[in-house]
Amino acid sequence: MSLNIEQIRGLFPVLHQEVHGKPLIYFDNAATTQKPKSVIDALSNYYELDNSNIHRGAHVLADRATRYYEETREAVREFIGAKEFAEIIFTKGTTESINLVAKTFGRKFIGKGDEIIISTLEHHSNIVPWQMLCEETGAILKIIPINDAGEILFGEFEKLLSPTTKLVSVVHASNALGTINPVKKVIAAAHAVGAKVLLDGAQSTSHLEIDVQDLDCDFLAFSAHKIYGPTGLGVLYGKRDVLEAMPPFLGGGEMIKEVTFEKTTYNDIPFKFEAGTPNIADVIAFKAALDFVNSLGKPAIKAHEDGLLIHANELLSDIKGFVPIGTAKEKVSVLSFNINGMHPFDVGQMLDAKGIAVRTGHHCTQPLMKRFGIEGTVRASFSVYNTRSEIEKLAEGIAQIARFKNK
Ligand code: 7TS
(Lines give C-alpha, C1' and ligand atoms only; values in the text may rest on other atoms or scores of the structure.)
Protein backbone atom coordinates (compact mmCIF):
# COMPACT_ATOMS: atom_id res chain seq x y z
CA MET A 1 0.00 0.00 0.00
CA SER A 2 1.47 3.37 -0.91
CA LEU A 3 1.23 6.18 1.60
CA ASN A 4 -0.40 9.57 1.17
CA ILE A 5 2.69 11.65 1.85
CA GLU A 6 0.96 15.03 1.58
CA GLN A 7 -1.53 13.92 4.23
CA ILE A 8 1.33 12.69 6.43
CA ARG A 9 3.16 16.01 6.01
CA GLY A 10 0.04 17.75 7.24
CA LEU A 11 0.53 16.04 10.62
CA PHE A 12 3.97 17.66 11.16
CA PRO A 13 3.67 21.39 11.98
CA VAL A 14 7.42 22.06 11.89
CA LEU A 15 7.75 21.12 8.23
CA HIS A 16 5.62 24.04 7.08
CA GLN A 17 8.08 26.90 7.39
CA GLU A 18 10.70 28.72 5.39
CA VAL A 19 14.40 28.96 6.25
CA HIS A 20 16.59 31.50 4.48
CA GLY A 21 13.47 32.39 2.50
CA LYS A 22 13.17 28.85 1.09
CA PRO A 23 10.73 26.09 2.03
CA LEU A 24 12.35 23.87 4.67
CA ILE A 25 13.55 20.50 3.40
CA TYR A 26 14.40 18.43 6.45
CA PHE A 27 16.92 15.70 5.72
CA ASP A 28 18.46 15.34 9.18
CA ASN A 29 16.20 12.53 10.30
CA ALA A 30 18.97 10.21 11.49
CA ALA A 31 19.86 12.90 14.05
CA THR A 32 16.25 13.28 15.14
CA THR A 33 12.89 12.97 13.43
CA GLN A 34 10.22 15.65 13.58
CA LYS A 35 7.18 15.15 15.77
CA PRO A 36 3.57 14.77 14.63
CA LYS A 37 0.95 17.03 16.21
CA SER A 38 -0.44 14.04 18.14
CA VAL A 39 2.85 13.76 20.07
CA ILE A 40 2.98 17.50 20.74
CA ASP A 41 -0.68 17.43 21.89
CA ALA A 42 -0.07 14.40 24.12
CA LEU A 43 2.72 16.33 25.85
CA SER A 44 0.64 19.43 26.50
CA ASN A 45 -2.48 17.41 27.41
CA TYR A 46 -0.47 15.59 30.02
CA TYR A 47 0.69 18.82 31.63
CA GLU A 48 -2.74 20.44 31.29
CA LEU A 49 -4.82 17.53 32.56
CA ASP A 50 -2.88 14.72 34.19
CA ASN A 51 0.43 15.98 35.62
CA SER A 52 1.25 13.88 38.63
CA ASN A 53 3.90 11.55 39.97
CA ILE A 54 3.42 7.90 39.19
CA HIS A 55 3.27 4.59 41.08
CA ARG A 56 2.82 6.27 44.45
CA GLY A 57 -0.12 8.66 44.58
CA ALA A 58 -3.47 7.85 46.16
CA HIS A 59 -5.44 10.14 43.88
CA VAL A 60 -7.08 10.24 40.49
CA LEU A 61 -4.38 12.17 38.65
CA ALA A 62 -1.64 9.87 39.91
CA ASP A 63 -3.66 6.83 38.88
CA ARG A 64 -4.26 8.28 35.44
CA ALA A 65 -0.61 9.25 34.88
CA THR A 66 0.50 5.80 36.07
CA ARG A 67 -1.94 4.08 33.71
CA TYR A 68 -0.82 6.15 30.70
CA TYR A 69 2.85 5.62 31.54
CA GLU A 70 2.39 1.86 31.77
CA GLU A 71 0.29 1.84 28.59
CA THR A 72 3.32 3.16 26.72
CA ARG A 73 5.44 0.38 28.19
CA GLU A 74 2.93 -2.11 26.83
CA ALA A 75 2.94 -0.34 23.43
CA VAL A 76 6.75 -0.54 23.34
CA ARG A 77 6.60 -4.23 24.24
CA GLU A 78 4.32 -4.83 21.30
CA PHE A 79 6.37 -2.57 18.99
CA ILE A 80 9.47 -4.74 19.41
CA GLY A 81 7.75 -8.07 20.03
CA ALA A 82 9.04 -8.56 23.58
CA LYS A 83 7.52 -11.33 25.65
CA GLU A 84 6.68 -9.26 28.74
CA PHE A 85 6.30 -5.63 29.74
CA ALA A 86 8.82 -6.25 32.57
CA GLU A 87 11.54 -6.48 29.92
CA ILE A 88 11.02 -2.83 28.85
CA ILE A 89 13.06 -0.26 30.78
CA PHE A 90 12.75 3.47 30.15
CA THR A 91 16.03 5.39 30.01
CA LYS A 92 17.20 8.78 28.71
CA GLY A 93 18.13 7.38 25.31
CA THR A 94 20.22 4.83 23.45
CA THR A 95 23.35 6.22 25.08
CA GLU A 96 22.04 5.68 28.59
CA SER A 97 20.66 2.25 27.69
CA ILE A 98 24.09 1.07 26.51
CA ASN A 99 25.83 2.62 29.53
CA LEU A 100 23.32 0.91 31.82
CA VAL A 101 24.31 -2.49 30.38
CA ALA A 102 28.03 -1.68 30.60
CA LYS A 103 27.79 -0.52 34.21
CA THR A 104 25.61 -3.40 35.46
CA PHE A 105 25.85 -6.48 33.27
CA GLY A 106 29.39 -5.50 32.27
CA ARG A 107 30.73 -4.95 35.78
CA LYS A 108 29.17 -8.16 37.06
CA PHE A 109 29.79 -10.56 34.20
CA ILE A 110 32.81 -9.26 32.28
CA GLY A 111 36.25 -9.54 33.84
CA LYS A 112 39.94 -9.46 33.13
CA GLY A 113 40.86 -11.13 29.84
CA ASP A 114 37.22 -11.47 28.73
CA GLU A 115 36.40 -10.12 25.29
CA ILE A 116 33.78 -7.71 23.99
CA ILE A 117 33.22 -7.47 20.25
CA ILE A 118 31.90 -4.37 18.48
CA SER A 119 32.13 -3.34 14.82
CA THR A 120 33.90 -0.60 12.87
CA LEU A 121 30.45 0.90 12.18
CA GLU A 122 29.65 1.83 15.78
CA HIS A 123 28.46 5.18 17.03
CA HIS A 124 30.66 6.52 19.85
CA SER A 125 27.93 5.57 22.33
CA ASN A 126 28.55 1.92 21.49
CA ILE A 127 32.33 2.29 21.74
CA VAL A 128 33.15 4.50 24.71
CA PRO A 129 31.13 2.66 27.42
CA TRP A 130 32.97 -0.56 26.49
CA GLN A 131 36.35 1.16 26.50
CA MET A 132 35.54 2.50 29.97
CA LEU A 133 34.54 -0.99 31.09
CA CYS A 134 37.71 -2.51 29.64
CA GLU A 135 39.80 0.09 31.45
CA GLU A 136 38.05 -0.73 34.69
CA THR A 137 38.07 -4.52 34.43
CA GLY A 138 40.95 -5.48 32.15
CA ALA A 139 38.58 -6.87 29.51
CA ILE A 140 39.59 -6.63 25.84
CA LEU A 141 37.73 -4.86 23.02
CA LYS A 142 37.79 -6.49 19.57
CA ILE A 143 36.60 -4.82 16.39
CA ILE A 144 34.84 -6.43 13.41
CA PRO A 145 36.35 -4.99 10.20
CA ILE A 146 34.27 -3.82 7.22
CA ASN A 147 34.67 -3.78 3.44
CA ASP A 148 34.77 -0.67 1.25
CA ALA A 149 31.00 -0.71 0.86
CA GLY A 150 30.61 -0.41 4.64
CA GLU A 151 29.51 -4.00 5.33
CA ILE A 152 30.90 -6.07 8.18
CA LEU A 153 33.14 -8.97 7.18
CA PHE A 154 31.19 -11.83 8.67
CA GLY A 155 34.02 -14.35 8.27
CA GLU A 156 36.33 -12.03 10.24
CA PHE A 157 33.67 -11.72 12.93
CA GLU A 158 33.48 -15.50 13.23
CA LYS A 159 37.26 -15.61 13.66
CA LEU A 160 37.03 -13.15 16.57
CA LEU A 161 34.50 -15.29 18.43
CA SER A 162 35.76 -17.62 21.15
CA PRO A 163 34.69 -18.90 24.56
CA THR A 164 36.25 -15.75 26.07
CA THR A 165 33.77 -13.57 24.15
CA LYS A 166 31.28 -12.38 26.75
CA LEU A 167 29.40 -9.75 24.78
CA VAL A 168 28.85 -8.75 21.15
CA SER A 169 27.46 -5.23 20.87
CA VAL A 170 26.66 -4.12 17.33
CA VAL A 171 24.66 -1.51 15.56
CA HIS A 172 21.58 -2.79 13.72
CA ALA A 173 21.65 0.03 11.14
CA SER A 174 24.54 2.47 10.81
CA ASN A 175 23.75 6.14 11.39
CA ALA A 176 26.67 7.30 9.25
CA LEU A 177 26.32 4.98 6.24
CA GLY A 178 22.90 3.38 6.53
CA THR A 179 24.26 -0.20 6.38
CA ILE A 180 21.87 -2.77 7.83
CA ASN A 181 23.88 -5.45 9.61
CA PRO A 182 22.96 -9.15 9.30
CA VAL A 183 22.09 -9.16 12.97
CA LYS A 184 20.20 -12.44 13.08
CA LYS A 185 23.32 -14.26 11.88
CA VAL A 186 25.51 -12.25 14.26
CA ILE A 187 23.30 -13.15 17.22
CA ALA A 188 23.21 -16.87 16.38
CA ALA A 189 27.00 -17.01 15.97
CA ALA A 190 27.57 -15.11 19.24
CA HIS A 191 25.18 -17.36 21.14
CA ALA A 192 26.99 -20.41 19.80
CA VAL A 193 30.05 -19.40 21.89
CA GLY A 194 27.93 -18.41 24.89
CA ALA A 195 28.17 -14.62 24.42
CA LYS A 196 25.29 -12.22 25.00
CA VAL A 197 24.30 -9.75 22.29
CA LEU A 198 23.30 -6.11 22.51
CA LEU A 199 21.79 -4.45 19.44
CA ASP A 200 22.03 -0.71 19.03
CA GLY A 201 18.65 -0.09 17.45
CA ALA A 202 18.84 3.72 17.39
CA GLN A 203 18.58 3.81 13.59
CA SER A 204 16.72 0.59 12.89
CA THR A 205 13.62 0.85 15.08
CA SER A 206 12.08 3.62 12.98
CA HIS A 207 12.57 1.84 9.64
CA LEU A 208 12.65 -1.93 10.16
CA GLU A 209 10.20 -4.33 11.72
CA ILE A 210 11.74 -5.57 14.94
CA ASP A 211 10.87 -8.76 16.74
CA VAL A 212 13.27 -9.28 19.62
CA GLN A 213 12.04 -12.82 20.22
CA ASP A 214 12.67 -13.81 16.63
CA LEU A 215 16.05 -12.02 16.58
CA ASP A 216 16.82 -13.54 19.98
CA CYS A 217 18.98 -10.56 21.03
CA ASP A 218 19.65 -10.26 24.76
CA PHE A 219 19.44 -6.46 24.75
CA LEU A 220 18.06 -3.83 22.39
CA ALA A 221 18.76 -0.12 22.94
CA PHE A 222 16.95 2.71 21.15
CA SER A 223 15.78 6.32 21.42
CA ALA A 224 12.24 7.69 21.20
CA HIS A 225 13.32 10.87 19.45
CA LYS A 226 14.40 9.01 16.32
CA ILE A 227 10.94 7.40 16.02
CA TYR A 228 8.88 10.62 15.92
CA GLY A 229 8.79 10.69 19.74
CA PRO A 230 10.12 13.16 22.32
CA THR A 231 13.76 13.76 23.18
CA GLY A 232 15.23 12.67 26.51
CA LEU A 233 13.66 9.22 26.37
CA GLY A 234 14.97 5.83 25.38
CA VAL A 235 14.36 2.17 25.89
CA LEU A 236 16.44 -0.74 27.01
CA TYR A 237 14.93 -4.11 26.25
CA GLY A 238 16.52 -7.05 28.02
CA LYS A 239 15.56 -10.70 28.39
CA ARG A 240 13.99 -11.34 31.80
CA ASP A 241 16.63 -13.79 33.06
CA VAL A 242 19.48 -11.48 32.02
CA LEU A 243 17.88 -8.39 33.61
CA GLU A 244 17.13 -10.28 36.80
CA ALA A 245 20.73 -11.41 37.11
CA MET A 246 22.01 -7.82 36.72
CA PRO A 247 22.60 -5.49 39.68
CA PRO A 248 20.71 -2.16 39.65
CA PHE A 249 22.12 0.86 37.80
CA LEU A 250 21.13 3.90 39.88
CA GLY A 251 19.98 3.75 43.48
CA GLY A 252 17.05 5.74 44.86
CA GLY A 253 13.27 5.79 45.00
CA GLU A 254 11.14 3.43 42.89
CA MET A 255 13.88 0.85 42.45
CA ILE A 256 13.52 -0.57 45.98
CA LYS A 257 11.19 -2.96 47.78
CA GLU A 258 12.36 -2.12 51.26
CA VAL A 259 15.06 0.10 52.69
CA THR A 260 16.59 -0.07 56.14
CA PHE A 261 19.91 1.45 57.15
CA GLU A 262 21.31 -2.07 57.27
CA LYS A 263 20.06 -3.44 53.97
CA THR A 264 17.99 -2.59 50.91
CA THR A 265 16.06 -5.08 48.81
CA TYR A 266 15.50 -4.15 45.20
CA ASN A 267 12.28 -3.93 43.28
CA ASP A 268 11.30 -6.33 40.51
CA ILE A 269 12.16 -5.57 36.90
CA PRO A 270 11.58 -3.19 35.17
CA PHE A 271 11.31 -0.88 38.21
CA LYS A 272 14.68 -2.05 39.56
CA PHE A 273 16.23 -0.06 36.72
CA GLU A 274 14.03 3.04 36.92
CA ALA A 275 15.29 4.93 39.96
CA GLY A 276 13.70 8.28 40.75
CA THR A 277 10.84 10.12 39.08
CA PRO A 278 11.04 9.12 35.44
CA ASN A 279 10.39 11.16 32.33
CA ILE A 280 6.62 10.73 32.69
CA ALA A 281 5.41 13.28 30.13
CA ASP A 282 7.69 12.06 27.37
CA VAL A 283 6.91 8.41 28.04
CA ILE A 284 3.20 9.17 27.77
CA ALA A 285 3.67 11.18 24.56
CA PHE A 286 5.83 8.44 23.05
CA LYS A 287 2.73 6.26 22.76
CA ALA A 288 1.32 8.74 20.24
CA ALA A 289 4.50 8.37 18.18
CA LEU A 290 4.22 4.58 18.21
CA ASP A 291 0.55 4.85 17.24
CA PHE A 292 1.61 7.05 14.31
CA VAL A 293 4.17 4.50 13.09
CA ASN A 294 1.76 1.61 13.58
CA SER A 295 -0.97 3.43 11.67
CA LEU A 296 1.29 3.53 8.60
CA GLY A 297 3.09 0.24 9.11
CA LYS A 298 6.87 -0.10 8.90
CA PRO A 299 6.85 -2.02 5.59
CA ALA A 300 5.06 0.93 3.93
CA ILE A 301 7.40 3.43 5.62
CA LYS A 302 10.47 1.48 4.52
CA ALA A 303 9.14 1.08 0.96
CA HIS A 304 8.64 4.85 0.68
CA GLU A 305 12.06 5.65 2.15
CA ASP A 306 13.79 3.05 -0.09
CA GLY A 307 12.13 4.71 -3.08
CA LEU A 308 13.57 8.08 -2.01
CA LEU A 309 17.06 6.60 -1.63
CA ILE A 310 16.92 4.92 -5.04
CA HIS A 311 15.69 8.16 -6.63
CA ALA A 312 18.51 10.12 -4.97
CA ASN A 313 21.15 7.64 -6.14
CA GLU A 314 19.80 7.75 -9.70
CA LEU A 315 19.95 11.55 -9.80
CA LEU A 316 23.31 11.87 -8.07
CA SER A 317 25.41 9.07 -9.56
CA ASP A 318 26.30 11.02 -12.72
CA ILE A 319 27.36 14.19 -10.95
CA LYS A 320 31.07 14.82 -11.39
CA GLY A 321 32.84 15.04 -8.04
CA PHE A 322 30.04 13.29 -6.12
CA VAL A 323 31.52 10.52 -3.95
CA PRO A 324 29.08 8.27 -2.10
CA ILE A 325 30.35 6.86 1.20
CA GLY A 326 28.67 3.61 2.19
CA THR A 327 27.24 1.56 -0.63
CA ALA A 328 26.05 -1.54 1.22
CA LYS A 329 23.44 -3.72 -0.46
CA GLU A 330 21.12 -3.52 2.56
CA LYS A 331 20.60 0.03 3.75
CA VAL A 332 18.20 2.27 5.59
CA SER A 333 17.56 5.64 3.96
CA VAL A 334 20.88 7.35 4.73
CA LEU A 335 22.81 9.03 1.94
CA SER A 336 26.36 9.88 3.01
CA PHE A 337 28.65 11.55 0.52
CA ASN A 338 31.43 13.98 -0.15
CA ILE A 339 32.09 16.39 -2.99
CA ASN A 340 35.63 16.28 -4.29
CA GLY A 341 37.73 19.17 -3.10
CA MET A 342 35.17 20.45 -0.62
CA HIS A 343 34.90 20.25 3.13
CA PRO A 344 31.63 18.58 4.19
CA PHE A 345 30.81 21.49 6.48
CA ASP A 346 30.94 23.94 3.55
CA VAL A 347 28.64 21.71 1.50
CA GLY A 348 26.25 21.59 4.46
CA GLN A 349 26.26 25.39 4.72
CA MET A 350 25.57 25.77 1.02
CA LEU A 351 22.68 23.31 1.21
CA ASP A 352 21.33 25.09 4.30
CA ALA A 353 21.26 28.32 2.30
CA LYS A 354 18.92 26.49 -0.10
CA GLY A 355 16.65 25.49 2.80
CA ILE A 356 18.00 21.92 2.91
CA ALA A 357 18.91 20.61 6.39
CA VAL A 358 21.58 17.91 6.44
CA ARG A 359 24.21 16.87 8.96
CA THR A 360 27.90 17.15 8.27
CA GLY A 361 30.95 15.84 10.10
CA HIS A 362 31.94 12.54 11.62
CA HIS A 363 28.44 11.66 12.90
CA CYS A 364 29.93 10.40 16.18
CA THR A 365 31.66 7.60 14.24
CA GLN A 366 35.26 8.83 14.12
CA PRO A 367 36.83 5.34 13.83
CA LEU A 368 34.53 4.63 10.88
CA MET A 369 35.54 7.87 9.17
CA LYS A 370 39.18 6.92 9.74
CA ARG A 371 38.53 3.55 8.06
CA PHE A 372 37.47 5.49 4.95
CA GLY A 373 40.38 7.91 5.28
CA ILE A 374 38.09 10.91 5.58
CA GLU A 375 37.27 13.47 8.23
CA GLY A 376 33.56 13.36 7.71
CA THR A 377 30.70 13.30 5.23
CA VAL A 378 27.59 15.18 4.29
CA ARG A 379 24.62 13.10 5.39
CA ALA A 380 21.08 13.38 4.08
CA SER A 381 18.78 10.98 5.92
CA PHE A 382 15.22 10.48 4.75
CA SER A 383 11.99 9.92 6.57
CA VAL A 384 8.40 9.05 5.79
CA TYR A 385 7.39 12.71 5.30
CA ASN A 386 10.05 13.44 2.67
CA THR A 387 9.02 13.65 -0.97
CA ARG A 388 10.49 12.86 -4.37
CA SER A 389 10.42 16.54 -5.23
CA GLU A 390 12.54 17.30 -2.14
CA ILE A 391 15.03 14.69 -3.36
CA GLU A 392 15.10 16.44 -6.74
CA LYS A 393 15.87 19.77 -5.03
CA LEU A 394 18.68 18.09 -3.08
CA ALA A 395 20.12 16.65 -6.28
CA GLU A 396 19.89 20.05 -8.03
CA GLY A 397 21.60 21.68 -5.06
CA ILE A 398 24.40 19.12 -4.99
CA ALA A 399 24.86 19.40 -8.77
CA GLN A 400 25.24 23.18 -8.49
CA ILE A 401 27.74 22.91 -5.65
CA ALA A 402 29.75 20.19 -7.42
CA ARG A 403 29.79 22.16 -10.72
CA PHE A 404 31.10 25.16 -8.88
CA LYS A 405 34.02 23.10 -7.55
CA ASN A 406 34.55 20.39 -10.20
CA LYS A 407 34.41 22.28 -13.50
N1 7TS B 1 23.60 4.77 18.21
C2 7TS B 1 23.33 5.17 16.96
C3 7TS B 1 23.45 4.21 15.83
C4 7TS B 1 22.92 6.49 16.75
O5 7TS B 1 22.64 6.89 15.51
C6 7TS B 1 22.82 7.38 17.84
C7 7TS B 1 22.49 8.83 17.64
C8 7TS B 1 23.07 6.89 19.11
C9 7TS B 1 23.47 5.58 19.26
C10 7TS B 1 22.91 7.73 20.33
O11 7TS B 1 21.56 8.03 20.51
P12 7TS B 1 21.11 9.11 21.60
O13 7TS B 1 19.64 9.29 21.34
O14 7TS B 1 21.39 8.51 22.93
O15 7TS B 1 21.91 10.32 21.33
N16 7TS B 1 22.86 9.33 16.38
C17 7TS B 1 22.87 10.60 15.99
C18 7TS B 1 23.20 10.97 14.68
O19 7TS B 1 23.46 10.20 13.79
N20 7TS B 1 23.14 12.32 14.58
O21 7TS B 1 22.81 12.82 15.77
C22 7TS B 1 22.63 11.77 16.66
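**Exercise 1. Determine how many salt bridges join domain 1 and domain 2, and which residues form a salt bridge there.**

Solution. In this predicted model, local features need pLDDT of at least 70, side-chain atom pairs count only at pLDDT 80 or more, and totals for chains, interfaces and linings use all residues. Residues are numbered from 1 along each chain as its sequence is written, and side-chain values use heavy atoms, with hydrogens and water left out.

Begin with the bounds, which come from an automatic or database domain assignment: domain 1 covers 5–27 + 297–405 and domain 2 covers 40–294. Taking a salt bridge as a side-chain nitrogen of Lys or Arg within 4 Å of a carboxyl oxygen of Asp or Glu, the count between domain 1 and domain 2 is one. Arg371 forms a salt bridge with Asp148, and the closest N and O atoms are 2.8 Å apart.

**Exercise 2. State how much area the two domains bury between them, and which residues of domain 1 lose the most.**

Solution. Buried area is the accessible area (1.4 Å probe) that two parts lose on being put together, summed over both. Domain 1 and domain 2 bury about 2,700 Å² between them, with 61% of it on carbon and sulfur atoms. On the side of domain 1, the residues losing the most area to domain 2 are Lys298, Val332 and Arg371, which together make up 25% of what that side buries.
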